[in-house]
Structure formats: structure tokens, C-alpha cells
Amino acid sequence: MKKSVLCAAAFTLLFGFTVAGGAMAEDKGPAEITLNADGKKPAVFPHAKHQSGSLTCDDCHKALDVKQMSNKDYAHKEGCKSCHKEKGASTSCSTCHPRKKRAIEGC
Ligand code: HEC
Ligand code: HEC
Ligand code: HEC
């Protein structure tokens, strides 16, 4: 009796780990993405940071069109800013468009 309960618990644990292992093997894509890198005002998109909080992959990959996120009009609305407003994340320009590094800054 006791033994079979233990076996069931062990099986659950093992199965649980197998599922977690499978999730970790999933392709998470690049950790950092620069959108419109060659443009006048590139935007930084810390992909990994967007995966470590409460967001799910589907919040972007299903609910939104990630291929449009390098489009200014889309990005400044539903692509990036709408969610930032909704979740209380920063909407200041420099959050997404860090100032260009100046070679002689600080001299
Ligand atoms: C906040 C929005 C957002 C979230 C959340 C997010 N992603 Fe992404 N992901 C993007 C964007 C934007 C790109 C770049 C798309 C492009 O320019 O082609 C991308 C690219 C990728 C790529 C590279 C291949 C491709 O489709 O371009 C993979 C793989 C990926 N994401 C997987 C994931 C997984 C897995 C999760 C959840 C753990 C996740 N992403 C969560 C926005 C997001
Ligand atoms: C579905 C919601 C959602 C979308 C879409 C989204 N973000 Fe975010 N973003 C967040 C949240 C929430 C945070 C705050 C994360 C934190 O503080 O841990 C954040 C934080 C950030 C940060 C600051 C990260 C840091 O270092 O603290 C940058 C930069 C950023 N997002 C850029 C973008 C860009 C660019 C896009 C569009 C391509 C985008 N985000 C789309 C939810 C979103
Ligand atoms: C939440 C992230 C985010 C914030 C905040 C944000 N932007 Fe953007 N912006 C983007 C993304 C993503 C793009 C599309 C990719 C690109 O062109 O860099 C973009 C595009 C642009 C472009 C077009 C660049 C080009 O070469 O076509 C300009 C100009 C711009 N933003 C200015 C601003 C200004 C000014 C602010 C502040 C009032 C601002 N952005 C705030 C994410 C953001």
C-alpha cells in the first residue's frame, strides 16, 4: 500500500521533470534583438527579459504580429507601447531608443 503511493509520487516527480526539461529545450530565440539596426533610431528589444516575467510567449507570438515590431506605427501602438502602458513599464523614448554612445562623452 505505502509502497505504491511512493511509486506514484516518484512517477509524478519524474513526469513533472520530464515536462519541465522539454520546456527548457524550447527555442527561445535571441536574448537581445535590435530592431531596425541600420535605421535612424534603432530600438533595443531585450527578448529574454520579456520572457522572464509574467508574459507568456503567446502574448506576443500569437496575440501580436512580431514581424511588424520593427514598423514604427505598429511599435508605437500595439506592438510595444500599448503593453508597456497596460503593464506599467516605461514608455520614455530612451528606454527603447538608447542614446547613441558619444566617443568623447565624459571628457
Ligand atoms: C514581448 C514580446 C515577445 C515575447 C513575450 C516573446 N517574444 Fe519571441 N520574439 C519577439 C520578437 C519581436 C521577435 C523578433 C521577430 C522578428 O523580428 O522577426 C521574436 C523572435 C523570436 C524567435 C526567433 C524566430 C522568430 O520567430 O523570429 C523565437 C524562436 C522566439 N521569439 C521564441 C519565443 C518564446 C519561446 C517565447 C516565450 C518563452 C517568446 N519568444 C516570447 C517578441 C516576443
Ligand atoms: C505584451 C507586453 C509587452 C510588449 C508587447 C512589449 N513589452 Fe517591453 N516590457 C514589458 C514589460 C512588462 C516590461 C518590464 C519588465 C521588467 O521590468 O521586468 C518591459 C520592459 C522593456 C524594456 C526595459 C527592459 C529593462 O532593461 O528593464 C525595454 C527596452 C522594452 N521593454 C522594449 C520593448 C520593445 C522595443 C517592444 C516592442 C518591439 C516591447 N518592449 C514590447 C512588456 C511588453
Ligand atoms: C516601447 C518601446 C518604444 C518607445 C517607448 C518608443 N519607441 Fe520609437 N520605436 C520603437 C520601435 C520598436 C520602432 C521600430 C523600429 C525602429 O525603427 O527602431 C520605433 C521607431 C521609431 C522611429 C522611426 C525610426 C526610423 O528609422 O524609421 C522614430 C523616429 C521613433 N521611434 C521615435 C520615438 C520617440 C521620439 C519616442 C518617445 C516619444 C519613442 N520612439 C518611444 C519602440 C519604441
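Which residues are the closest to ligand 2 among those that surround it? Of the 22 residues that surround ligand 2, the closest are Met69, Cys80, Cys83, Lys87 and Ala89, a residue being counted as near a molecule if its C-beta atom, placed from the backbone, lies within 6 Å of it. The legends below describe a predicted model, in which local features need pLDDT of at least 70 and side-chain atom pairs count only at pLDDT 80 or more, while totals for chains, interfaces and linings use all residues. Residues are numbered from 1 along each chain as its sequence is written, and chains are lettered from A and ligands numbered from 1 in the order in which they are written.

**Figure 1. Overview of the protein chain and its confidence.** The protein chain has 6 helices and 2 strands, which follow the pattern α-β-β-α-α-α-α-α along the sequence; helices (H or I, at least four residues) and strands (E, at least two) are DSSP runs, numbered from the N terminus. Of its 107 residues, 4% count as buried, a class that requires 20 or more other C-beta atoms within 10 Å of the residue's own, whereas 12 or fewer make a residue exposed and counts in between make it partly exposed, with C-beta atoms placed from the backbone. Among contacts between residues at least 6 apart in sequence, 24% join residues at least 24 apart, where a contact means that the two C-beta atoms, placed from the backbone, lie within 7 Å. The average pLDDT, the predictor's confidence in each residue on a scale from 0 to 100, is 83 for the protein chain, and 70% of the residues score at least 70. Over residues 14-21 pLDDT stays under 50, and the model has 0 contacts beyond four places in sequence for this stretch. Where pLDDT is low, the predicted coordinates should not be read in detail.

**Figure 2. The shell around ligand 2.** β2 (43-45), α2, α3, α4, α5 and α6 each supply at least two residues of this shell. By class, the shell around ligand 2 has 14 nonpolar, 5 polar and 3 charged residues; Ala, Val, Leu, Ile, Met, Phe, Trp, Tyr, Cys and Pro count as nonpolar, Asp, Glu, Lys and Arg as charged, and the others, Gly among them, as polar.

**Figure 3. The shell around ligand 1.** Ligand 1 is surrounded by 18 residues, of which Gly29, His50, Cys57, Cys60 and Val66 are the closest. Helices α2 (47-52) and α3 (57-61) each supply at least two residues of the shell, and α3 gives the largest share, 4 residues. The residues around ligand 1 divide into 7 nonpolar, 6 polar and 5 charged.

**Figure 4. The shell around ligand 3.** Asn36, Gly39, Ala75, Cys93 and Cys96 come nearest among the 20 residues around ligand 3. Two or more residues of this shell are given by each of the elements α4 (72-79), α5 (81-87) and α6 (93-96). The classes represented around ligand 3 are 8 nonpolar, 8 polar and 4 charged residues.

Figure 5. Thr34 lies in strand β1 and is in contact with Pro42 and Val44, leaving aside its neighbours within four places in sequence. The C-alpha atoms of Thr34 and Val44 are 4.7 Å apart in space, although the two residues are 10 residues apart in sequence. Thr34 is partly exposed because 13 other C-beta atoms lie within 10 Å. Asn36, in the loop between β1 (33-35) and β2, has a phi near 55°, a positive value in a residue other than glycine. Most residues other than glycine have a negative phi. Asn36 counts as partly exposed because it has 14 C-beta neighbours inside 10 Å.

**Figure 6. His47 in helix α2.** His47 lies in helix α2 and, not counting residues up to four places away in sequence, touches Gly29, Pro30, Ala31, Glu32 and Ile33. The C-alpha atoms of His47 and Ile33 are separated by 6.5 Å, with the two residues 14 residues apart along the chain. His47 counts as partly exposed because it has 15 C-beta neighbours inside 10 Å.

**Figure 7. Leu64 in the loop between α3 and α4.** Leu64, which lies in the loop between α3 and α4, is in contact with Glu78 and Gly79 when its neighbours within four places in sequence are left aside. From C-alpha to C-alpha, Leu64 and Cys80 are 9.6 Å apart in space and 16 residues apart in sequence. With 17 other C-beta atoms within 10 Å, Leu64 is partly exposed.
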